[in-house]
Amino acid sequence: LFYTFDHALKIIHTSSRILWGNREKRILCESLWMKENGHQVAIVAPGDSPLFDKAKQNGLTVYPISFKSLARIGEYGRLKQIFDGEQPFVVNAHGKGDAKLALKAAQTLGVLCRIMSRHNGERVKGTWPNKKIYKTQCHYVFTNSKDTTANLKQTFALSDIHIFSIPDGIALPDEAANQTTKTAARQKLAHILGLETDARFIGVFGKIERQSLSMLCKTADQLGRRFPYHHLVLAGSSGKQAPMDEKVYPHVHMLPPAEENNARLYPALDCCIYLPDTRNFYQGVPLEVTGAMAGFCPVIGPDAPGIRDVLIDNQTGRVFDPRYSESLLKMISWTLDAPQAVQSLTQAARTLVEQHYTMDTMGRHILRIYRLHLIKINRKFQTTL
């Protein structure tokens, strides 16, 4: 069979998680982009997962597979049936939990393009099972940060043509919010939090753990002495932290879960802070960071792998040392005091996102790899005729 790129490609994504995080958002957004660009996409995921539900709601083909260890034998056979029936050109696994079954089944059936996607930077050990996944069962490895790519290249001796850094793409807002829009957004947020209409806001995203919360409360207390109208709004994912008493910390607020739509939140913020996950320091490029940069919102973040791909101190944002609250306080104060310099940073940040972190950039990068793989297959096919 001779394949050409003129025909729609069939792509299957697999995922074993029942969470709704940046990984699942990436899978769904990438799938919908491919569908809009004429390709056929199916998703194999646990039937009780948000990804399964949202994919089905958006008209994608879905197959329920739990990927639980007790169901492994039966589900391996089911995966082979799915791949045999769909005849996909691509099978893309998104974690070790699904890769062990999905890539093995895809390899057994001779699926022509098999991909292992690595969505965070936690160090992968060079064990024999991992070597099978990264070196034998897949043709390519996709990561979402340069640091993860470099580490996996070293761990598994992967060449440049077998591993690619393809960060998550975002949808760009059309233009910067004007002053009227920003004022309305601030007043709406003040109403939600029960504050005076002249309140100003600093958003906090990322992993908000007990230690981080303590640092934030200390920072807010010190900040309030110079900027009494500014409040910290915690919009990140909370870890195992104690409930926060806003009477004790009147300038620190938890955003209600129903209001956590970052695209609507950014215009209300004078700046935003991204906190690192202390248990996964080697992370990818966070959607919250590129989203804020796309919305012309100044970003303050840690000097951490993945984040440093986009956040360059004094060029596209400001960098703080998460070990010291004084470092964060200094960066916030500078951002609030230097509107002209901040305007240059946010424009440079927006330009960077436009060039490298949009849905179209992500999708075109992936399709380019598929095209090169097709060329390689067709050359091999022609030489055997």
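In the predicted model described here, F296 lies in the loop that connects α10 (287-294) to β13, where helices (H or I, at least four residues) and strands (E, at least two) are DSSP runs numbered from the N terminus. Residues carry numbers that start from 1 along each chain as its sequence is written, and side-chain values use heavy atoms, with hydrogens and water left out. Because the model is predicted, local features need pLDDT of at least 70 and side-chain atom pairs count only at pLDDT 80 or more, whereas totals for chains, interfaces and linings use all residues.

The phi angle of F296 is near 60 degrees, a positive value in a residue other than glycine. With a relative accessible area of 19%, F296 is buried; the class of buried residues comprises those under 20% relative accessible area, exposed residues are over 50%, and partly exposed ones fall in between (1.4 Å probe, protein chains only). A positive phi, of about 60 degrees, is also found at F67, which is not a glycine. F67 belongs to the loop between β3 (61-64) and α3 (72-86), and its relative accessibility of 8% places F67 among the buried residues.

Helix α11 (residues 325-337) and helix α12 (residues 339-356) have axes that come within 6 Å and cross at roughly 100 degrees. Axes here are lines fitted to C-alpha atoms, for helices over the stretch in contact, and angles run from 0 to 180 degrees between N-to-C directions. The two helices, α11 and α12, are therefore roughly perpendicular to each other, given that angles under 35 degrees count as roughly parallel, over 145 as roughly antiparallel, 65 to 115 as roughly perpendicular and the rest as oblique. W334, T335 and D337 of α11 make the contact with P339, A341, V342 and L345 of α12, contact meaning heavy atoms within 4.5 Å. By class, this contact has five nonpolar residues, one polar and one charged, with Ala, Val, Leu, Ile, Met, Phe, Trp, Tyr, Cys and Pro counted as nonpolar, Asp, Glu, Lys and Arg as charged, and the others, Gly among them, as polar.

On a 1 Å grid over the protein atoms alone, a cavity is a set of points where a 1.4 Å probe fits but cannot get out, and lining residues have an atom within 4 Å of a point; grid points are joined across faces, edges and corners, and a volume is the space filled by probe spheres set on the points. The largest cavity, with a volume of about 40 Å³, is lined by R26, S117, R118, H119, F142, T143, N144 and I166. At least two residues of this lining come from each of β5 (113-118) and β6 (140-143), and the lining divides into two nonpolar, four polar and two charged residues. The second largest cavity has a volume of about 30 Å³, and its lining consists of P298, V299, I300, G317, R318, W334, T335, V342 and L345. Two or more of these residues are given by each of β13 (299-302), α11 and α12.

H356, in helix α12, is partly exposed at 44% relative accessibility and, leaving aside residues up to four places away in sequence, touches P167 and T361. W33, in helix α1 (residues 22-36), is buried at 8% relative accessibility; with the residues up to four places away in sequence not counted, W33 touches M359, D360, G363, R364 and L367.

Technical notes:
On a 1 Å grid over the protein atoms alone, a cavity is a set of points where a 1.4 Å probe fits but cannot get out, and a pocket is an open set with protein on both sides within 12 Å along at least five of seven lines; lining residues have an atom within 4 Å of a point.
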